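Here is a short report for a reader meeting this structure for the first time. Please look over the sequence and the model before reading on.

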Amino acid sequence: MRFGSQWFCGFCVILMAMTHAVPLHSQDIRLSARLTASASTQVQKQVDSARAEGLPTEPLIQKALEGQAKGAPDDRIVIAVMTLRKDLRVVRTALGPEAPESDLVPGVASLRAGASRDNLVELRNLRRGAGIAVPLGVLADLVANGMGYAEAWNSVRELATKGGSDGQFSALRDRAIGAPDPAALPPAPSRPRGQPGTPSPSLP
Amino acid sequence: MMPEKDSLDDPVLESVVRELRAQEEWSGRLEERVLEQIRSETAIYRRKMRRRRIIGVSLAAAAALALWFVGVSSPRAASVHPVRFTVRAPESSGVSLVGDFNNWNPGASPLRKVNGSWTVTLPLRPGRYRYTFVVGGRTWLPDPARPAAPADDFGRPTSVITVLN
């Protein structure tokens, strides 16, 4: 090998490493190990398509694994993954290509809770530079735990307008549905925990 | 002037001539050997340089990969938070935790029994996770201490946790 070729090869390896192109995308072993061959193939197609669209793929894989763990039939798993991919695309379109991946999954949750694309955009505009993953998640949680969508949206929008922090959004949820979120508090060992059989009063 | 002769009568002169001719012959061989030696050393030098270049390129690539790995993994590692999950199930023989953080694998995060409660602490990165407890290998039990997950595509109760930065 000539001197120039060697350095060219070295440069390519370094460039690949720096652009994170080293990991090769192939069949996800978690899917093939846990799903039937048919379901695995179909889910993998969804994952590949999502990757080509610039959508996060891990939520799709987790959705499929969740379905398998819960004993769902193949077709239900595939439909759930397809629906999630479609919803991720809707949120990505609403929030724009520059939206971080961390905003997309909570975005889907809030979409399913009743949020419109306009709501997503408004929240993003209110929280410029702060991220909307937590407010979107709180919005979805409030609705999922019994609050009407209009009331939940108004609460979240009001706090966003005031420039509330992620911790304040978590506190808003805790106040509304009575479930403490350990992530907003000090590390686990000092945390008091709820008891089973005594769900939060506001749980539906 | 006397004509030149191949054989000399004078033995002394003859020995001198023989000596000179031998030196001439030796001188020719020396030149060849020197050139051969130079060629050989040049080849060795080139081989050495090639080896060094390969090692250099490999080391550079390894360093780049190491930097890439460190650069990618460090910030994540720095932002991991320990989160404790607890459920009270004194009669159960075993409880596990399944969720987005462990590939929904019932064997990945078994809980430990302490005074009738089952507990496990997991290091989680900031984000939103769906999860549930599996009690006795059969019963799916949402975490009563945390919000119910907004939607479940598979008809089983699920909880949600948000880990903040």
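## Helix 6 of chain A

This is a predicted model. Helix 6 of chain A runs over residues 101–113. At 1.5 Å a residue, its 13 residues should span 18 Å. The end C-alpha atoms of helix 6 are 19 Å apart, which agrees. Just after helix 6 of chain A comes Gly114(A), with a positive phi of about 125 degrees.

Helix 6 of chain A is mostly covered, with ten of its 13 residues buried. Among the buried residues are Asp103(A), Leu104(A), Val105(A), Pro106(A) and Gly107(A). Others include Val108(A), Ala109(A), Ser110(A), Leu111(A) and Ala113(A). The cover over these buried residues includes helix 4 (58–69), helix 5, helix 7 (117–126), helix 8 and helix 9 of chain A. Strand 5 (127–135) of chain B is also part of that cover.

Helix 5 of chain A spans residues 74–95. The axes of helix 5 and helix 6 of chain A come within 9 Å and cross at roughly 105 degrees. That makes helix 5 of chain A roughly perpendicular to helix 6 of chain A.

From helix 5 of chain A, the contact takes in Leu84(A), Asp87(A), Leu88(A), Val90(A), Val91(A), Arg92(A) and Leu95(A). They meet Asp103(A), Leu104(A), Gly107(A), Val108(A) and Leu111(A) in helix 6 of chain A. By class, this contact has eight nonpolar, one polar and three charged residues.

## Helix 8 against helix 9

Helix 8 (residues 133–144) and helix 9 (residues 149–161) of chain A have axes that come within 9 Å and cross at roughly 155 degrees. The two helices are therefore roughly antiparallel to each other. Helix 8 of chain A passes helix 9 of chain A in a right-handed crossing.

Helix 8 of chain A brings Pro135(A), Val138(A), Leu139(A), Leu142(A) and Val143(A) to the contact. Helix 9 of chain A brings Tyr149(A), Ala152(A), Trp153(A), Ser155(A), Val156(A) and Ala160(A). The residues of this contact divide into ten nonpolar, one polar and no charged.

## Chain B

Chain B has one helix and seven strands. Along the sequence, its pattern is α-β-β-β-β-β-β-β. Of the 165 residues in chain B, 24% are buried.

How much of the contact in chain B with a separation of 6 or more comes from residues 24 or more positions apart, and what is the percentage? Such residues account for 57% of those contacts.

Key. Residues numbered from 1 in each chain as written. Chains lettered and ligands numbered in written order. Predicted model: local features only at pLDDT ≥ 70, side-chain atom pairs only at ≥ 80, totals over all residues. Axes fitted to C-alpha atoms, helices over the stretch in contact; angles between N-to-C directions. Helix = DSSP H or I, 4+ residues; strand = E, 2+ residues; numbered from the N terminus. Parallel < 35°, antiparallel > 145°, perpendicular 65-115°, else oblique. Contact = placed C-beta atoms within 7 Å. Nonpolar A, V, L, I, M, F, W, Y, C, P; charged D, E, K, R; others polar. Left-handed = near helix turned anticlockwise from the far one by under 90°. Buried ≥ 20, exposed ≤ 12 C-beta atoms within 10 Å, placed from the backbone. Expected span 1.5 Å × (residues − 1).
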